[in-house]
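Please read this briefing alongside the sequence and the coordinates.

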Number of protein chains: 2
Amino acid sequence: MYTKAMLTKSHAKYIQSLSQKKFRDEEDAFIAEGPKIINELLQSKNTGLKQLYALQSWADENKPFLNSISDKFIEITEKDLERISFLQSPNQVLGVFKKPLFEKNDCVGKISLLLDCIQDPGNLGTIVRTADWFGIENIICSTDSADVFNPKVVQATMGSISRVQVIYEDLKKFIQKNQAIPVYATAPEGNSLFEMKKIKEGFVLIGNESKGIQTDLFLLAHQKITIPKKGYAESLNAAVAAGIMMAWTRGF
Amino acid sequence: MYTKAMLTKSHAKYIQSLSQKKFRDEEDAFIAEGPKIINELLQSKNTGLKQLYALQSWADENKPFLNSISDKFIEITEKDLERISFLQSPNQVLGVFKKPLFEKNDCVGKISLLLDCIQDPGNLGTIVRTADWFGIENIICSTDSADVFNPKVVQATMGSISRVQVIYEDLKKFIQKNQAIPVYATAPEGNSLFEMKKIKEGFVLIGNESKGIQTDLFLLAHQKITIPKKGYAESLNAAVAAGIMMAWTRGF
């Protein structure tokens, strides 16, 4: 049996500190919430549990499992969960996890994503989740992109954060270092996606929500591709555009 | 010249009331914010301006135009904008608009979307925006879906709310009433989207974020389609799945 502990001020303060990138980096840790994501992370070999805080109802349903992590588990009240949760509607359980570690993994012979300054946490998380659906293992973000361990990003990945490797690099240098791999950039003047064959290897480059792809990166693209517009919207949401591009690489 | 007016308590109360569906319906009105969306709505023939509140900086940039709507315009301070805005970062201008009116419009010979209980405002708004990109004119939502005039949905449409007709219906009855139009539903056991030809007419049925498509609706589908998974994510985000389905109907 696990022992019932109390949520102390120092626990609450520690969790709160993990809303900031600086402390997440220092602690090599991030927060996730809700039974679904927590479950996925607990099963992952790439990450590790540091602390788990949950309501009695969740603990009751997960008793056999809790014995194995009893030293890391604290049962808390709804009021305490509200205090530490980053969600508008706190959802039973909050965990602090080690940032995932991935085996060394290059981009040769694969589809990878390059994200140039994706700023919206929901978009970034959704892109990670979609990449995981399509079996894309690597996402390389520009250093000015949102942090993938931001709690809002983590929630939007729905657990995929433990399976897709997300790294931060100077994209220009990264492309130059991997110059044998073709770069496909979305651009209004590009070739129609609907007329292109699927690809087996490449960097798919997705731009910022409002500014698109930086000029100096754009100039490095081997092929420009457009998702043909038939209506009037000025642009597509970045996560939707990325999703359509990923679908294309996988089979259209 | 427009006259500078003050934001009164009754204005603020009226705007606040429009966060609730009940009042939006009673007033046949909705709120939009930010220069980009406001601009699109002001240019639209389908909607009409009721009131516009903006900072002096916005007013200065739009002076010639403001003369034509001077009786509806109120210049406000940043503090007042913070008071009435629904955004985390208020963005210069907030408008109250009449709900758009569309010409009578049926679904014959077209692609339309059926949304079964899409709950997340961001997802619904993004789906409307994507539909507008792909020239899809009609979206039919189940009556338990999020309201398209919810301020969060309006913001996520990025102005497309004035160009895509969104109606609320009992989807089962709606499909039965339009039985000559084939229904395509997303389902794990369906045919691979990558092996299907594009379509010219049909209802594309998208399900709820966690529960998917209701059984009784699902049984009415003529064709089941899956977006093939190559990785491990349990599901796709609803707006991404809808975007990939729309891209398919348009050309893949």
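What follows is a short account of the strands, the helices and the contact between the chains.

The model is predicted, and the description below should be read with that in mind. In chain A, six strands form an open sheet with parallel pairing, in the order S7-S6-S5-S9-S8-S10, and chain B has an open sheet of six strands in the order S7-S6-S5-S9-S8-S10, again with parallel pairing. The contact between the chains takes 30 residues from chain A and 30 residues from chain B, and helix H11 of chain A and helix H11 of chain B cross each other there.

- Strand S8 (residues 183–192) of chain A runs parallel to S10(A) and is joined to it by five bridges, with A:Asn191 standing opposite A:Ile225 in S10(A).
- Helix H7(A) packs on the sheet, where it touches strand S5 (111–115), S6 and S7 of chain A, and its direction makes about 175° with that of S5(A).
- Helix H11(A) also packs on the sheet, touching S5, S8 and strand S9 (202–206) of chain A, and its direction makes about 160° with that of S9(A).

**Pairing of strands S2, S3 and S4 in chain A**

- Strand S2 (residues 48–54) of chain A runs antiparallel to strand S4 (residues 93–98) of chain A, and six bridges join the two; in this pairing the bridge partner of A:Gln51 is A:Val96 in S4(A).
- S2(A) also pairs with strand S3 (residues 73–75) of chain A, here in the parallel sense and over three bridges, and A:Ala54 stands opposite A:Glu75 in S3(A).
- In general, the strands of a sheet pair through backbone hydrogen bonds, either parallel or antiparallel.

- Strand S8 (residues 183–192) and strand S9 (residues 202–206) of chain B pair in the parallel sense over three bridges, and B:Val183 has B:Phe203 in S9(B) as its bridge partner.
- Helix H7 (residues 121–133) of chain B lies across strand S5 (111–115), strand S6 (138–142) and S7 of chain B, and runs at about 175° to S5(B).
- Helix H11(B) lies across S5, S8 and S9 of chain B, and runs at about 160° to S9(B).

**Packing of H7 and H11 within chain A**

- The axes of H7(A) and H11(A) are 9 Å apart, and the two helices pack at an angle of about 15°; because angles under 35 degrees count as roughly parallel, the two helices are therefore roughly parallel to each other.
- H7(A) passes H11(A) in a right-handed crossing.
- A:Asn123, A:Thr126, A:Ile127, A:Thr130 and A:Ala131 in H7(A) meet A:Ala238, A:Ala239, A:Ala242, A:Gly243 and A:Met246 in H11(A), and by class this contact has six nonpolar, four polar and no charged residues.

- The axes of helix H11 (residues 238–250) of chain A and helix H11 (residues 238–250) of chain B come within 9 Å and cross at roughly 55°, which makes H11(A) oblique to H11(B).
- H11(A) passes H11(B) in a right-handed crossing.
- A:Ala239, A:Val240, A:Gly243, A:Ile244 and A:Ala247 in H11(A) meet B:Ala239, B:Val240, B:Gly243, B:Ile244 and B:Ala247 in H11(B), and by class this helix contact has eight nonpolar, two polar and no charged residues.

Conventions. Residues numbered from 1 in each chain as written. Chains lettered and ligands numbered in written order. Predicted model: local features only at pLDDT ≥ 70, side-chain atom pairs only at ≥ 80, totals over all residues. Axes fitted to C-alpha atoms, helices over the stretch in contact; angles between N-to-C directions. Helix = DSSP H or I, 4+ residues; strand = E, 2+ residues; numbered from the N terminus. Parallel < 35°, antiparallel > 145°, perpendicular 65-115°, else oblique. Left-handed = near helix turned anticlockwise from the far one by under 90°. Contact = placed C-beta atoms within 7 Å. Nonpolar A, V, L, I, M, F, W, Y, C, P; charged D, E, K, R; others polar. Pairing = 2+ DSSP bridges.
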